[in-house]
Amino acid sequence: MRRLVGTTTVEAVDDLLVSYALEQAGCVSAALVRPQRTDSGWSVAGCAIPAGAHQVVVDLMQHGQNRESSADARHQAFRMGADGSLVMAMSFSSPPADVELEQSILPCLELAEQHLQQVRMLVDLHASHRQLARSESLQRALFTISDLSGSELDMPEMLRGIHDILRSLMYAENFYIVRCDPRQSTLHFLYYADTVDETSPVIGQEMAMDAIQGSLTWHLITRGKPLMGSAEEIIAQLGGSLKALGPESADWLGVPMLRDGVVHGALVVQSYRQGIRFSDEDSTLLMFVGSHILTALERKQSKHELEQHVRERTSELARLNLGLRQEVQERQRAVRLQESLFQLARLATSDLDEDSFYQRVHAVVRKLLNAENFFISLLSSDRRSLELPYFVDKGVRHRMTRPLGRGLSEYVLRRGEAWLGTRDDINALQRSGEVVPHRIGAPSMSWLGVPLRFEDEVIGLVAVQSYEQGASYGAADKNLLSFVALQIAHSINRRRSAAALQEANIRLEHRVEERTRELRAEISRRERIQQQLRHQVMHDPLTALPNRGYLRDRLERLLAVLKSEPGRCCALLYIDVDRFKMINDSLGHLAGDEFLKVVAERLRYCVRDPDVVARLSGDEFAILLEDIGPHRNVEEVASRVLQVMNQSMQIAGREIEPSVSMGIAVGDGHYGHADELVRDADIALYRAKELGRRRYVVFDQTLARSAQDVFTLEGELRHALQRDEFEPYFQPIRRLADGRLMGYEALLRWNHPYRGMLAPNDFLRVAQDTGHLESIDWRLFKRAFQSFGKMTSSGLFLSINVSPRHLRNADFDRRLLGLLERAGFPGAAHLVVEVTEGALLESAGKVQATLGRLHDAGIDAALDDFGTGYSSLSYLHTLPLRKLKIDQSFVQALGEQVPDNSSMVVAAILALGRALNVVVIAEGIETETQRRMLLEMGCEYGQGYLLGRPAPAEAWSVKAGQPA
């Protein structure tokens with residue numbers, strides 16, 4: 001029993017049992033037998049059985065007994081184990097007594113059987129523990145490999161970490177990793193560690209597969225299967241020769257790194273010690289670890305490529321951001337330049353005294369260029385001396401008069417052209433004798449002077465100079481100072497004329513002064529409104545109501561809620577204030593703003609939380625009713641809005657009876673986007689206006705079908721182009737004093753086969769949206785040129801309207817001139833192209849170049865609808881514009897009973913035209929009162945129904961000079 005307890009292995013228990021059996025009296029041989037079950041029964045083949053006990057063991061297993069004896073009882077077999085698969089076979093010299101066996105052998109066998117089961121369980125537990133420990137070690141290694149691939153370590157440090165992990169799993173003192181590109185048939189070593197090889201390969205260097213052909217690594221990669229063994233064993237596996245690279249190893253193990261059956265690299269370990277060999281378990285382990293190493297390498301490479309892409313993208317975005325900032329700065333500079341030029345133009349027509357005028361001009365110029373040293377020189381009446389009414393040098397104000405000499409100022413006056421130069425240029429002029437130094441103060445390092453001209457006569461100059469080293473002026477500064485000189489010259493001439501006619505024209509000057517102040521006030525107010533609009537984000541700065549962006553966001557969120565709540569509805573009331581423009585024009589914009597504030601307050605009064613009142617644009621508002629249903633009728637709300645809005649109000653001392661038109665769209669979960677609901681409400685609003693305003697219309701499918709008529713019009717436009725249904729109508733332009741015919745304006749008409757003659761307002765927007773407008777224009781140009789060549793006499797001109805899209809085309813001038821020649825037009829000098837202020841704002845550089853080429857060819861340009869857009873005096877100065885057309889909205893307001901600012905605007909435009917020597921034409925003259933008032937204000941030319949309605953070419957036979 002004591003010996004049995006000390007045994008810890010199955011083999012030790014077996015030996016102890018056999019020894020114990022042999023110690024029994026009369027036992028001559030004993031053995032433990034483990035029979036095998038076969039299809040025909042139990043077999044003891046191959047088992048060590050005592051002689052004579054073979055048949056006893058077979059009978060024992062077949063009969064299923066626990067004990068079996070031979071006929072002479074000298075051979076005994078005892079069954080052991082829970083499953084009866086272990087048998088003790090014993091042979092005795094003489095038959096043993098049953099009592100003796102039961103008392104000595106059987107108890108011991110039973111006890112040994114129990115101990116044997118415990119030993120087996122213990123062995124199994126030890127094996128399981130070793131397997132779990134190995135699995136845990138392998139799992140930790142794989143986790144560590146994964147962590148390394150995601151770490152911030154560079155590739156060499158990560159690979160050294162992988163090598164350390166592999167050494168913890170197997171013998172891997174000599175280890176290397178190879179990556180290959182199967183498409184390019186190239187490879188490179190990622191990692192190489194060898195204790196013997198002194199000629200290690202270059203890490204990361206690409207090499208062709210052919211460079212290592214026949215080597216172990218080459219065979220491993222090309223076969224795509226593991227290789228293991230000594231050099232002789234591997235040669236036997238390969239069945240061929242082997243090219244030796246590096247020292248020969250005692251044992252070598254390599255496994256491929258596969259991805260979808262394709263070899264992407266290999267892991268190799270080798271041993272130079274005779275006692276260290278690799279096993280199949282090592283091969284399986286290395287193969288398993290290799291797949292994870294490949295994943296780690298690919299992840300590391302992907303991370304590196306992603307980081308590189310992010311760096312490149314970040315650099316690209318930085319460059320784009322820099323470009324955008326520069327563009328913003330350039331646009332801001334352009335805005336400041338425009339404001340300054342406009343301010344200079346206003347100063348030129350102001351009633352300031354001479355000294356204040358010069359000071360303010362200087363203040364504006366200093367904002368735009370280096371004008372710390374600035375002076376204005378005027379030739380005396382006898383042209384023998386030079387007067388300096390304004391001279392600022394190094395911050396000190398001077399006033400002097402000196403005789404004419406040969407200084408830089410006199411050089412500019414003699415040449416009559418602007419001049420700019422540096423110290424070297426000034427010295428060159430002095431050496432040539434053109435300039436004689438006039439020593440007053442320090443020498444100039446840079447100097448710019450522009451002559452003051454009036455009616456081709458030089459009357460003085462304006463100049464700036466700098467004493468700083470390296471300072472210089474450029475072409476932009478020269479252009480700017482030229483504009484300043486133009487304004488100063490006009491101002492000086494105006495002042496001189498005013499001094500001569502002061503007594504005779506005192507009342508007229510007073511009226512001009514008042515109108516100029518009002519114009520400045522109007523301009524200042526509009527500038528403030530523009531600044532406020534630029535700072536609006538989600539609310540309207542005037543009414544403090546949410547704006548269009550806020551409403552759209554609210555609608556999007558509300559429609560998303562309605563999708564999840566069937567049966568719930570909302571409503572959008574799209575509101576437009578009727579005749580708001582008339583209120584603005586008659587009472588002024590300040591009164592209009594007050595009117596809009598009152599409208600906003602009244603709309604707020606008509607709703608409750610959480611409903612939203614928003615201002616979408618000028619006189620357009622919207623009400624969003626978030627929840628409507630049986631207890632809240634949207635038409636009741638609409639009726640209340642109309643009732644409240646129709647109540648009279650006091651604005652600017654006048655009683656106004658406002659009204660609104662309203663379109664209503666009811667929204668539910670079927671609407672996908674806010675724009676769809678706004679579109680339907682807008683369609684309903686448009687219908688309400690068509691029905692006479694002061695009402696509301698609820699959107700339905702009938703209105704939707706009406707909106708679809710636009711698509712029908714698009715198809716008709718295509719057919720009209722194919723059938724050449726567009727033709728020009730001509731409206732005369734006359735001299736207002738005597739009705740003398742000066743020219744025609746070609747107007748577009750569509751001779752529709754079913755709807756009759758259509759004006760542009762009926763189809764122009766659709767033509768522009770569909771891209772047909774350019775083709776229509778060229779048809780109009782061609783027919784207008786052909787008709788004008790047949791109907792006109794000498795001295796008349798033809799005016800055509802040119803859209804911004806034409807002016808942005810680089811070949812427009814060449815194409816237009818070619819069309820003139822083919823159509824038999826009298827000559828380029830008889831053609832005027834009309835452009836809008838919007839065209840000048842879009843792609844200003846291209847437009848300026850196109851107009852310049854047309855001017856060189858003899859074609860004049862006219863600015864149409866002047867005063868209604870973002871008027872810029874810089875366009876009148878820099879572009880070859882020879883005519884201005886006063887918008888008919890100002891002309892039609894002349895002579896009305898309601899006081900407005902139209903007459904003052906018209907007078908200001910006429911004054912500007914005279915100052916710039918530009919012909920001014922008034923549009924939309926319909927009454928004799930309007931013609932008379934325009935004549936009194938100094939307008940020479942005009943067009944409108946009073947002077948002649950548009951008609952086809954055959955209706956006009958009036959020759960040049962013949963009155964209407």
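Q: Which residue does Arg331 meet in a salt bridge?
A: A salt bridge is a side-chain nitrogen of Lys or Arg within 4 Å of a carboxyl oxygen of Asp or Glu. In this predicted model, local features need pLDDT of at least 70, side-chain atom pairs count only at pLDDT 80 or more, and totals for chains, interfaces and linings use all residues. Residues are numbered from 1 along each chain as its sequence is written, and side-chain values use heavy atoms, with hydrogens and water left out. With 2.9 Å from N to O, the side chain of Arg331 meets that of Glu327.

Q: Which helix holds both Arg331 and Glu327?
A: Helices (H or I, at least four residues) and strands (E, at least two) are DSSP runs, numbered from the N terminus. Arg331 and Glu327 are four residues apart, about one turn of the helix. The helix spans residues 280-348 and is H8.

Q: Is Arg331 buried or exposed?
A: Buried means under 20% relative accessible area, exposed over 50%, and partly exposed in between (1.4 Å probe, protein chains only). Glu327 has 37% relative accessibility and so counts as partly exposed. For Arg331 the relative accessible area is 57%, which means that Arg331 is exposed.

Q: What is the N to O distance in the salt bridge of Arg517 and Glu513?
A: Both Arg517 and Glu513 lie in helix H13 (residues 506-534), four residues apart. Arg517 is partly exposed at 39%, and Glu513 is partly exposed at 30%. Their side chains meet with an N to O distance of 3.0 Å.

Q: How many residues apart are Glu923 and Lys885?
A: Glu923 forms a salt bridge with Lys885, and their closest N and O atoms are 3.4 Å apart. The pair links distant parts of the chain: Glu923 is in the loop between strand S33 (919-922) and helix H29 (928-936), while Lys885 is in strand S32 (residues 881-886). Glu923 and Lys885 are both buried.

Q: How many salt bridges does the structure hold?
A: Some salt bridges form a network, which links Glu522, Arg525, Arg526 and Asp593. For the structure, the count is 38.

Q: How many disulfides does the count come to?
A: A disulfide is a covalent bond between the sulfur atoms of two cysteines. The rule used here asks for a pair of cysteine sulfur atoms within 2.5 Å. Cys180 is buried at 9% relative accessibility, and Cys606 is buried at 1%. By the rule, the number of disulfides is zero.
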